[in-house]
Amino acid sequence: MNIARCLDTIDRLCSRPFPAEHGWSDVGRGGPGYFMAEMAEWAAADRDRAPGEPTADDVEAFREGIAQRLDERWGERPPWAMLTLRVRAERGEEIPEPWASISTLADDLRIWEAAGTGRWVALGVAQGDETAPARLLAVVTEVDPE
C-alpha cells in the first residue's frame, strides 16, 4: 500500500455511510458510527520478510507520512495516548466504540477532525508482541474521542 491509496481509503470512509450492524466490510471492521480499516501490515521480524520488504520498524515512518498529509489538511494535533482509556475501562467505565477497541490495539493515535464531514480520523499502529505483524490501522468515526 502507498500513502496516496491510504489517503484515498480514508477519504472514501469519510463519505461512506456507516454499517447498521457490527461486522466486516471490504476495508475491515465496522459498526454503527465507525469503520476500522487495516491500511498496511509489516513483517514482525527480519526473518519473516522477503528481501526488500519493509520491516515493522518502517510502520511508524509510513504512519507519519500519512499523518503529515492529514496535518496539512486538518491541522497538526499531538499524539493521543491510549493508556487513559485503558485505565478508565479497567475501572468499569463504558468506553464507546471504536475507541474501546482501538485502545486495546494501539498505544497511541494521531487524531483529526475531518473538516466538513462530522467525522474523526485516527491512525494507530497495532502490534500485539514481537511475533505479531505490525499493522497500520485507520479509524473513521462520528464518535468524538473526548
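How much accessible surface does the protein chain have, and what percentage of it belongs to carbon and sulfur atoms? The total comes to about 7900 Å², with 47% belonging to carbon and sulfur atoms (Shrake-Rupley method, 1.4 Å probe). Keep in mind that this is a predicted model, where local features need pLDDT of at least 70, side-chain atom pairs count only at pLDDT 80 or more, and totals for chains, interfaces and linings use all residues. Residues are numbered from 1 along each chain as its sequence is written, and side-chain values use heavy atoms, leaving out hydrogens and water.

Let's start with the overall layout. The chain has four helices and seven strands (DSSP runs: H or I of at least four residues for helices, E of at least two for strands), and from the N terminus the order is α-β-β-β-α-β-α-α-β-β-β. Of its 146 residues, 42% are buried (under 20% relative accessible area, 1.4 Å probe).

Finally, visit R63 in helix α2. R63 counts as buried because its relative accessibility is 4%. Its side chain makes a polar contact with that of E60 at 3.1 Å (N or O atoms within 3.5 Å, one able to donate a hydrogen and the other to accept it). Leaving aside neighbours within four places in sequence, R63 is also in contact (heavy atoms within 4.5 Å) with residues including D108, L109 and L136.

Terms used: Buried means under 20% relative accessible area, exposed over 50%, partly exposed in between (1.4 Å probe, protein chains only).
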